[in-house]
Every structure is written in structure tokens, then in C-alpha cells.
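Trainee: I have a model open and want to learn how to read it. Where do we start?

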Protein chains: 4
Amino acid sequence: MSELVRVSISIEKPLYERLEKLVRQSGYTNRSEFVRDLVRRQIVQREWENDREVAGTVTLVYDHHVRGLTDRLTTLQHGHRGVVLAATHVHLSHHMCMEVIILRSRASEIRKLTDEMRKLRGVLYAELATASTGEELH
Amino acid sequence: MSELVRVSISIEKPLYERLEKLVRQSGYTNRSEFVRDLVRRQIVQREWENDREVAGTVTLVYDHHVRGLTDRLTTLQHGHRGVVLAATHVHLSHHMCMEVIILRSRASEIRKLTDEMRKLRGVLYAELATASTGEELH
Amino acid sequence: MSELVRVSISIEKPLYERLEKLVRQSGYTNRSEFVRDLVRRQIVQREWENDREVAGTVTLVYDHHVRGLTDRLTTLQHGHRGVVLAATHVHLSHHMCMEVIILRSRASEIRKLTDEMRKLRGVLYAELATASTGEELH
Amino acid sequence: MSELVRVSISIEKPLYERLEKLVRQSGYTNRSEFVRDLVRRQIVQREWENDREVAGTVTLVYDHHVRGLTDRLTTLQHGHRGVVLAATHVHLSHHMCMEVIILRSRASEIRKLTDEMRKLRGVLYAELATASTGEELH
């Protein structure tokens, strides 16, 4: 763990009381951790806006009975070996699969790859979760 | 202005340095104001989730040549006199209007009214901006 | 009104039935209008991504007792005469004001101006609603 | 695959031309698939709003050197055996881990579990991707 520093924030008294209430209601035991989480969320947002190296996950729902789809998904991922870190597959029903693909690259590259997967015939849903390599978060 | 209190936040040194950079890059002159803005944003989000009394604005783009639309918009707003605080109209082009309607009510009521306006024939676009009465922000 | 054309969409039978249910539940009387609204929403999203000329509104909540704030907001808006189309002011309480500013410019310019207003001391909340000039929506 | 039906949509000629352009620019080969994707996205959004049984993924970034965190994450997941379908772990750096957890439950339960993970000391970032069991998508 890194060395901790203490930072002082000036805040209007009523807003301070609302902050304390918000910390409790959100289930944080600790005001500092609450504020740090807000700051880290801003950092990740900024990383994506500035097209930095980030990490993210794509959640796909698809019908594995569509001919050739599994192959096309595999080929697409292999063609981006440096970007795709891992993929996890879950069987949702007789027809339906979920596949979650963990990616690390520049933000724009991850967005582009997400769009390519969304468009594949048989892919019914694709959602990108923006995250971070963690380098800027600690 | 309310009395200011000083609140101490403990934060890892590298994260502290990133916070300072973020404050500067975002153009804030003041770290406290940056953190207060993050807190206030959380408060507004919470007000909407908990269906509290809030304020919001609906931005409509519509084609005023659609027969009866202006009347229907006016009637709808008059039917919610207690909710609609003001409406501003701008002429975007020969055909196109923008109307921005300021609302104050419970969150669910504002969402419902937005959906009703979006569905009107001739309304081409409707977007809700979630804001606050300000009571919890100072 | 423009000439209407009829477009044919092929769709799986169960998904078709869910679409019909969704149209009814959303309160649309008309499946075509529901689909057109989805398409127009995509068009506006694309306009913002591609930094096209768009329209948008900024909703501010602020404390008008903060010395000089009203002047700074006015000066900022006057400095962008070509961009600011209109501004509407509402008194939320003894202290609190809402001001809704209608803007027309390139997407990046509107975002930048929103950020500048958010940072002003006394501005407690700022939210941008992305909309359109309407040119691409009919 | 389900039986396909053909659905007719009436649309203004200029909007039709913009739809065709949007389909091409988005890289879809097929207008029907583009519209079906828009409809499915609405269905998933509705499932989450109505607190239906859904699927989703939580992406965590955390520092595995924080004492006890790995145990707490494991315990939390085991306590929700019926909800957690799978978890995938990736090593981002010497300190940083990413863990992606696939969940299936009611929407509110998944949101609650996400919040609980976000608050754990050492968890630096948590992001929920809303998806679907796929039952309503085909």
C-alpha cells in the first residue's frame, strides 16, 4: 500500500451533513473511501475520453445455433490476441449463451472491437463496461 | 453563504497527485470545489433514485407544421400547471422548433410527463436532464 | 410533411410479438412511430460523436447570492453570442436559481461551454442535454 | 431459428435515406438486423426498469495486496451461489487485478450486489454492465 496523505477539503456545513448521510446510506464505513471512489471514477472517465490505454469488458448475449457464429467470434478474438486477455462463456439456456470478453488496449480500439462483435449475425446484445488498467487508481 | 467546515480525507500519495492533476486539467482553481461538485452530483443522483421532489428540464425538437401538435403540447403543459415552471421556445429552422420545459415535481412524475411528450406525433426527439431543486445542494 | 415510404423489416416471430407489446406498453399508438423514434435517437447520438453542428441545453442550479456569479454567467453567454440562442431563468427558492441555456454549435464547443459554466463558483450543478438542430430528423 | 415475419414501417423519405446511411456507416450489412438490435436494446432496458430476471456482469479492478480482500470477495460470491454464475480473473500488473463476475438474478439484486462489492476496501473500481438472460431477445 502507498503512503497515505491527509488532504483538507472545505465544505459548507449543511453539505457536509448531507455528505455524511450519503456515506452512511451508501454503506461506506468511511468518508475517505467514499471520496476516493468518486475521484477514481473521474480518473477512469478521463482515461476513456482521452483515448488512453484502458481495460474493459464486453458482455455478449448470443444464439449459438446461428451457423458459424462461434467460429466468427473466435476468429475475431484471435485476430486481436494482444487486446483480448480472457473470455468466459456461460450457458444461459438451450439456445442462449453469454460471453464476457476482457480487453486491454486504447479506448478507441476497444470501442471499435465492441461494435464489430455487436454487428455479427446471431449476437443479440453487446454491452461495453469501461474500466481501467488500474495504473492510475492507486 | 453557509458556514464552512474543514473535512480531512486520507488518500494514497499517488492518487492524491492524480487528483491534483485532475483538478487542474478540469480547470478548477480549487480542489475543494472539485470535490464538492462530485458530492453534489451524487446527491442529485440519489434524489432521482429515491423519487424525491426534484427539478428537471425536457428538451423537445419538433416539427411545428404537424397539425395540432402545438395545441397538444400546450394542453399537456396546462394540465400540469403545478409541475411546469416555464417553457422556452426557439425556432431552429423553417420547420423545426426546440422547446425546453422546466419541471418541478417528484422524479417519477417528471419521467412520466417526458415520455408523454416524446410520444406525441411530430415530436422528433425528447431528452430529460435531471437536476435538483437545490435544497440539498448547499 | 415529407413523402412517406414503406420499408420492410424481417423479424423473428417471438421478437415481433415483443416489439408489439413494447409499443403498446410505451404508450405509442403506432409501431412505425416507435421505430422512427429509435432511429432518430441513433442519428442524434451519431451527430454528437462526430462533432457535427447540434443543439443542446445546459441546466444550471446556482446560488444567486454568490457575489459576481450572475455577472460572470451573463458575460460568459455574451462572449458566445453565436452559440447561445436563449436562456430562461426560474427562481427555485430564496437562494436557488435554475437557468436553462439553449445552445447551437459544434458538439465539442457545447461540451466545453458546459464545463466552463459548471466550474464557476456558486454553480452547484450543471447538466447537458444533447439534442439536435432537427435537420437530420425529418 | 424462429420463423421470420415481415413487418412494414412507414417512414419519411429523408429519414429513410438517413437510416440507410446509418446502417452502412455502422457497418451493418442489413437494415433489418440494425432495427432488430435497436428493439432488443429497448427490451433489455425495460427488463432492468421492471426488475425482471436478468443477467449482468460486474467488472472490478482491485489491489490484491489489500489484506483479506480476496477472501471477502470469495465469501461474498459464495454467499450468493444462486446468483453468481462465473468469475474470471486477470492479472493487470504486479498489484492490480481485474475480476469479472457474471450474475443472473432480479435486476435489483444484481445492483445491490454490485454496490456491496464496490464498497469493499481495496476495490478501486466497479462497473455494472446490464444484459439479459436472452429469453426475450429472440
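Mentor: We go through domains, the sheet and the chain contacts in turn. This is a predicted model: local features need pLDDT of at least 70, side-chain atom pairs count only at pLDDT 80 or more, and totals for chains, interfaces and linings use all residues. Residues are numbered from 1 along each chain as its sequence is written, while chains are lettered from A and ligands numbered from 1 in the order in which they are written.

Trainee: Into which domains is chain A divided?

Mentor: Domain bounds come from an automatic or database domain assignment. Here chain A splits into domain 1 (13–49) and domain 2 (53–130). Their C-alpha centres lie 32 Å apart.

Trainee: In what order do the strands of the open sheet in chain A run?

Mentor: Start with the terms. Strands (E, at least two residues) and helices (H or I, at least four) are DSSP runs, numbered from the N terminus. Two strands pair if DSSP finds at least two bridges between them. In chain A, 4 strands form the open sheet in the order β3-β4-β2-β5, with antiparallel pairing. β3 (84–91) and β5 (123–130) of chain A are the edge strands, each pairing on one side only. From one strand to the next, the twist averages 15°. Such angles run from 0 to 180 degrees between N-to-C directions, with axes as lines fitted to C-alpha atoms, for helices over the stretch in contact.

Trainee: How many bridges join β2 and β4 of chain A?

Mentor: β2 (residues 53–63) and β4 (residues 96–106) of chain A pair over 11 bridges, in the antiparallel sense. For a place to look, find A:Gly56, opposite A:Leu103 in β4(A).

Trainee: Which elements of chain A touch chain B?

Mentor: Two residues are in contact if their C-beta atoms, placed from the backbone, lie within 7 Å. This contact takes 28 residues from chain A and 28 residues from chain B. On the chain A side, β1 (4–12), α1 (13–25) and α2 (31–49) each give two or more residues. β1(A) gives the most, with 9 residues. β1(A) also pairs with β1 (residues 4–12) of chain B, antiparallel, over 9 bridges. There, A:Ile11 stands opposite B:Val5.

Trainee: How many residues of chain D are in contact with chain A?

Mentor: 40 residues of chain D meet 40 residues of chain A. Among the elements of chain D that each supply at least two residues are α2 (31–49) and α4 (107–119). By class, the chain D side has 18 nonpolar, 12 polar and 10 charged residues. Ala, Val, Leu, Ile, Met, Phe, Trp, Tyr, Cys and Pro count as nonpolar, Asp, Glu, Lys and Arg as charged, and the others, Gly among them, as polar.
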